[in-house]
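User: I would like to learn how to read helix packing and a few related features in a structure. Please take me through them one at a time.

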Amino acid sequence: MSSIPADGEPPVAPAALLSIEALRVCFGGPARAAAVADVSLAVHPGECLGVVGESGAGKSLTFLAALGLAPAGAAVSGRVRLGQTDLLAAPEAVLDRMRGGRVGFVFQDPMTSLTPHLTIGAQIAEPIVRHRALARRAARMRVLELLEQVRMPEPARRMRQYPHELSGGMRQRAMLAIALAGEPQLLIADEPTTALDVTLQAQILALLAHFKRERGMGLVLITHDFAAVAGVADRVAVMRAGQLIETGTVREVLKRPREPYTRELLSASAEPFAPNPAAPPGTSGAAPAVLAVDDLEVRFAQSVGGVRRRWFTALEAVSVTVAGGEALGVVGESGCGKSTLMRAALQLIRPHRGRVQWLGQDLLGLPARRIRRLRRDLQLVLQDPLASLDPQLSVEQLVGEPLQIHEPSLSSEARRVRVHAMLERVGLEPALYQRRAHELSGGQCQRVGIARAMILAPRLLVCDEPLSALDVRAQRQIRLLLAQLRRGQGTSLLFVSHDLSLVRHLCERALVLYLGRMVELAPTAQLFTRPLHPYTRELLEAIALADPDLQPARLAKVALGEPAAPLERPGGCAFRVRCAHATALCAERSPPWVSAGEGRWVACHHFRLWADGMLSP
Amino acid sequence: MLLLGSVVTGRPRRFGPRSRYTRAMLGYALRRMAGIVPVLFILLTVSFFVIRLAPGGPFAGGRALSARTHAELEQRYGLDRPLGAQYVAYLRALVHGDLGPSYSIRGESVGALIAAGLPVSATLGAAALGLALLAGLPLGLGAALRRDGLLDRGLAAFAALTLALPSFVTGPLLALGFGLWLRWLPVAGWQAGAARYLILPAVTLALPLAVAIARLMRASLLEVLNASYIRTARARGLGRARVLWRHALRPALVPVVSYLGPAATYLVTGSLVVETVFELPGTGRYLVQGAIDRDYPLVMGMVLVYGTLTLVANLGADLLHAWLDPRARHEPR
Ligand code: SF4
């Protein structure tokens, strides 16, 4: 399609594909504030518009309302034109022809956004039959083609599967295939990468960029994260509380933001490679171990068809220690065994082999009563705070509950004092103390979760993806809070995440897992500057940077295909199917876990080739 | 049930997972069916001992019998033997399809009584369930589609009314209206094959069920219509009707299907009342009468019939659920 001038100026010549003028969306009468207030935006053919804002900013609603998909009860006014059609005045039948035909949608969370009782093939075929009027046979061929284009592994098999049988990344690919099926001129992607692994995020973004280029489509990328738009978008619009705050080219907005709010959001998409003041060096290894895991192996029985069973090794030969006061990050994509490691360390599942020691005591075989007492010193913060909080209890009661259990002798007055002090430390205002969990925002919920865990002053805090459900700004705040609490109380931290950049900010050391095996263990600073394992390198490359000068090139290097599935663990080095450096040796023998000096450990046959910095993995 | 069938066949054949699921589900259904036998066995065993532990005996109440007659009767029916022996004898007969003689209805075997009454009760139950689904599903659907509309508010008011009126009130009221005043339908009684006699009892029995199904359908459809995948379907340019038919209906039916188990229980207890009110020669009265008279074989026969019915209804509900929702299916190997 038409070319976009190199300096990033909005193209003038072609008419806008979609133009939104003074769009207003209100719920419940004019007295309430508008959910979207006088937003004017335009998307041109072949152009990507990034729309950035926190949840509740009205960014998705703007585009849903523009295409007549606003929830019932919304009053929509303004002017929306798609080509020559006035969408707000158009009858439903015309809108139906536009939706899926000229405009494709990719929604967040494909698990809930795909119809559970229809196979994905059937769902992809729907817009084809509806908008392209293909015969059934031809439609079927087209479905296969589309699945191949979105790099779905084994498309012919996946086509006949239901959404719940696919992994998160595959579901998002299916969603993308549905959106592309009607051959739209405009694709609207609403948080397409949220809740995905870092590697998958990069792949989905790269796919979007690829389709935009290849098909000359217009693309609207709605996200809370500037890093997601930096590599794809041509122009960026920033929204807050229903209003357009700032628009401009990517470079203008990301490099020279005019509005303070934009600047604040940008600083939250923190520079992952900047020097990290949060992790003071030299704390690791000095203090005696709080938690020591030795040669751990965890297997799960997979019942296939309810009868035949086979064993799936989720974790193998994992040994690692967390020193007193140390923060250890455990990183890897989903299915790498990081959550299994956490659960085994907490005695929530029984390992097949190996030992877990807590303060030098063997945890395995300890009576349940003793373990329960130990739990006090070993607290947990989970990914979905809302699900783990009792909806009946107020914030104050929730945070007081652990005290009630572990220190029953405390008077209610003394308890209240401690609860209030804790709530203050996690930055929750007194006005919130009597609220229930569902009345809080995601970030506030997570603060309650942290307050609950920290009120007993545990020796070790275990966090399982505590930030991945949050906006970047809330992520940053919680991250800072965790760092501050940890240093204040000398608590050790076991931090499980798919996101290396978070680990980098919180932890002194990081352990990288791949398909249940340790591949690298190193101080985080060195892990970032000189990764020894090719997989670590891949993880680092997948991190999106909020820098329009660097990110497009990084994204261009990302492989578009799905990573190898965890169940099909190959012999030799498990990473070899994805590794660019694999040799015959890698297929033959699995690499040993060896020390690389400076407290670094790695499992790769060839790491010495690049350990001296001459070569990069 | 008609409606259920057509929704289910509405699924795509070309992208269907076909045989792998069909086979897995068939295996699952067979396993569950086999599982019914031990459950029934336990049910029968527990009932056998519990009714005998209850105070009183078959020939204790009613006419005063001389001690000799009493002993003779007990001997005739084997009641003088030890409990364990009685139990073994009962099971042995049961395996051969013999449910034993009735104590209270002279000269009749329990098997014959059930054979006479069950067709009536089964017809009544099936008719009531059919009516309830036929009325409840479309009503719930309509109420959900026009929320707070006339139908929706009418349904809410009607629901409150039916909940307040038990069937021993609605039954006679209907009989009064349609039987005595309008003279359209017989007030009571039964003639095999004559639908006229079936209508009033079936409607009486179906009313609360229809209301419950309508309200369930309404609530679940409203919830489903709010789901993200409905929005995705709309974003594909599918019209409202198609989205409703293909994407919303099946998930919305899941709670209704889960309700079929409890509905079967309701039908059993409800038919006791309705059969009495309309003087139907069904099996309902046997359960009550058998329990009062301590007619052990009759009670056991009823336990067997209703137990099987409830278990099969629940199994049916589970299978339908799996059919509607692939996530509830048992993975093929
Ligand atoms: S051992 Fe071989 S395949 Fe594995 S990471 Fe190292 S170079 Fe790659």
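Analyst: We can start with handedness. A crossing is called right-handed if the near helix is turned clockwise from the far one by less than a right angle, and left-handed if the turn is anticlockwise. Bear in mind that this is a predicted model. In it, the crossing of H8(B) and H11(B) is right-handed.

User: Which residues of H8(B) and H11(B) make the contact?

Analyst: From H8(B) come Pro201(B), Thr204(B), Leu205(B), Pro208(B) and Leu209(B). H11(B) supplies Ala263(B), Tyr266(B), Leu267(B), Gly270(B), Ser271(B) and Val274(B). Sorted by class, the contact has eight nonpolar and three polar residues, and no charged ones.

User: How does H5(B) pack with H11(B)?

Analyst: Helix H5 (residues 110-145) of chain B and H11(B) have axes 10 Å apart and an angle of about 125°. H5(B) and H11(B) are therefore oblique to each other. Their crossing is right-handed. On H5(B) the contact involves Ser121(B), Leu124(B), Gly125(B), Ala128(B) and Leu129(B). On H11(B) it involves Leu260(B), Leu267(B), Ser271(B), Val274(B) and Glu275(B). These residues divide into six nonpolar, three polar and one charged.

User: How many helices and strands are there in chain B?

Analyst: Chain B has 13 helices and zero strands. Its C-alpha atoms fill a box of roughly 85 × 60 × 35 Å along the principal axes.

User: What does a crossing in chain A look like, taking H17(A) and H18(A)?

Analyst: Angles under 35 degrees count as roughly parallel. The axes of helix H17 (residues 442-454) of chain A and helix H18 (residues 472-489) of chain A come within 10 Å and cross at roughly 15°, which makes H17(A) roughly parallel to H18(A). This crossing, too, is right-handed. Gly443(A), Gln446(A), Arg447(A), Ile450(A) and Met454(A) of H17(A) meet a set of H18(A) residues that includes Ala474(A), Leu481(A) and Gln489(A). The contact has seven nonpolar, four polar and one charged residues.

User: Which domains is chain A divided into?

Analyst: The assignment gives domain 1 (37-268) and domain 2 (385-458). The C-alpha centres of these domains of chain A lie 38 Å apart.

User: How should I read an aromatic pair such as Tyr514(A) and Phe575(A)?

Analyst: Look at the distance between ring centres and the angle between planes; over 60 degrees counts as edge-to-face. The count over all chains is 10 aromatic pairs. Tyr514(A) and Phe575(A) form an edge-to-face pair, 5.0 Å centre to centre with 90° between the planes. Tyr514(A) lies in strand E19 (residues 509-514) of chain A and Phe575(A) in the loop between helix H22 (551-556) and helix H23 (584-588), so the pair ties together parts 61 residues apart in sequence.

User: Which residues is Leu144(A) in contact with, leaving aside its neighbours within four places in sequence?

Analyst: Leu144(A), in helix H5 (residues 136-149) of chain A, is in contact with Pro155(A), Ala156(A) and Met159(A). Leu144(A) and Ala156(A) are 12 residues apart along the chain, and their C-alpha atoms are separated by 6.5 Å.

Definitions and conventions:
Residues are numbered from 1 along each chain as its sequence is written. Chains are lettered from A and ligands numbered from 1 in the order in which they are written. This is a predicted model: local features need pLDDT of at least 70, side-chain atom pairs count only at pLDDT 80 or more; totals for chains, interfaces and linings use all residues. Side-chain values use heavy atoms; hydrogens and water are left out. Helices (H or I, at least four residues) and strands (E, at least two) are DSSP runs, numbered from the N terminus. Contact means heavy atoms within 4.5 Å. Ala, Val, Leu, Ile, Met, Phe, Trp, Tyr, Cys and Pro count as nonpolar, Asp, Glu, Lys and Arg as charged, and the others, Gly among them, as polar. Domain bounds come from an automatic or database domain assignment. Rings of Phe, Tyr and Trp (its six-membered ring) pair if their centres lie within 6.5 Å; planes under 30 degrees apart count as stacked, over 60 as edge-to-face and the rest as tilted. Axes are lines fitted to C-alpha atoms, for helices over the stretch in contact, and angles run from 0 to 180 degrees between N-to-C directions. Angles under 35 degrees count as roughly parallel, over 145 as roughly antiparallel, 65 to 115 as roughly perpendicular and the rest as oblique.
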